Amino acid sequence: MDKIVNVIKLMAQTGLFFANVDGKYDSKEKEFIENFIASIEQVGELEPELKADVSDSLNHTYELPAIITATKGLVDGFNEDERAAIMGSIESFIERLIAVDGEVHPAEEENFKQWKAAFGL
């Protein structure tokens, strides 16, 4: 369960980074991240302290190098198939998030390119 919670936290943190990278945290981006967390909570029962831990991750700011390092550290704990599935999910999540406000800002595009390059995607 801890691994799954760590994936959820990382995706929330990654989403928050990309939502803020253009200097504007759009309400649609915020809603997208909140809906992601809510949908995960509906699929599996998260203990209250784990929910609080995930929610707390939304109260911080993140930088791309830290997101990349955290992602690499996280996927090291999974086998190759699991890593591929997680990376595909995160990549898709980022793509949808940066498009949700109807505008892909150059800063979002550039940081996404850097994120993908760090993982050979």
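**Aromatic cluster.** I looked up the aromatic side chains of this predicted model and found that Phe 17, Phe 18, Phe 112, Trp 115 and Phe 119 form one cluster. I counted six aromatic pairs. One of them joins Phe 18 and Phe 112, edge-to-face, with 6.1 Å centre to centre and 90° between the planes. I note that this pair links distant parts of the chain, since Phe 18 belongs to helix 1 and Phe 112 to helix 6, 94 residues apart. Both Phe 18 and Phe 112 are buried.

I then turned to Phe 32 and Phe 93, whose ring centres are 5.3 Å apart; their planes meet at 40°, so I record the pair as tilted. Phe 32 lies in helix 2 and Phe 93 in helix 5, so this pair ties together parts 61 residues apart in sequence. I find Phe 32 buried at a relative accessible area of 17%, and Phe 93 buried at 1%.

**Nonpolar core.** Which residues have the most contacts inside the largest nonpolar core? I list Phe 18, Ile 90, Ile 94 and Trp 115, in a core of 29 residues. Helix 1, helix 2, helix 4, helix 5 and helix 6 each supply at least two residues of this core; the largest share, nine residues, comes from helix 1. For Trp 115, I noted contacts beyond four places in sequence, among them Phe 18, Leu 64, Ile 67, Ile 68, Met 87, Ile 90 and Ile 94.

**Helix 4.** I traced helix 4 over residues 64–75: twelve residues reaching 16 Å from first C-alpha to last, close to the 16 Å expected. I find Leu 64, Ile 67, Ile 68, Thr 71, Leu 74 and Val 75 buried. Why do they lie on the same side of helix 4? They do so because they cover an arc of only 130° around the axis. On the other side, I find Pro 65 and Thr 69 exposed. The buried residues of helix 4 pack against helix 1 (2–20), helix 5 (80–99) and helix 6 (106–118).

**Gly 15.** I located Gly 15 in helix 1. Gly 15 counts as buried because its relative accessibility is 0%. Beyond four places in sequence, I find that Gly 15 touches Ile 33, Phe 93 and Leu 97. I also checked Gly 15 against Ile 67: they are 52 residues apart in sequence and 10.0 Å apart in space, C-alpha to C-alpha.

**Confidence.** I recorded an average pLDDT of 84 for the protein chain, with 83% of the residues scoring at least 70.

How values were computed. Residues are numbered from 1 along each chain as its sequence is written. This is a predicted model: local features need pLDDT of at least 70, side-chain atom pairs count only at pLDDT 80 or more; totals for chains, interfaces and linings use all residues. Side-chain values use heavy atoms; hydrogens and water are left out. Helices (H or I, at least four residues) and strands (E, at least two) are DSSP runs, numbered from the N terminus. The expected span of a helix is 1.5 Å times one less than its number of residues. Buried means under 20% relative accessible area, exposed over 50%, partly exposed in between (1.4 Å probe, protein chains only). The arc is that of the directions from the helix axis to the C-beta atoms. Contact means heavy atoms within 4.5 Å. pLDDT is the predictor's confidence in each residue, from 0 to 100. A nonpolar core is a set of buried Ala, Val, Leu, Ile, Met, Phe, Trp, Tyr and Cys residues joined through side-chain atoms within 4.5 Å. Rings of Phe, Tyr and Trp (its six-membered ring) pair if their centres lie within 6.5 Å; planes under 30 degrees apart count as stacked, over 60 as edge-to-face and the rest as tilted.
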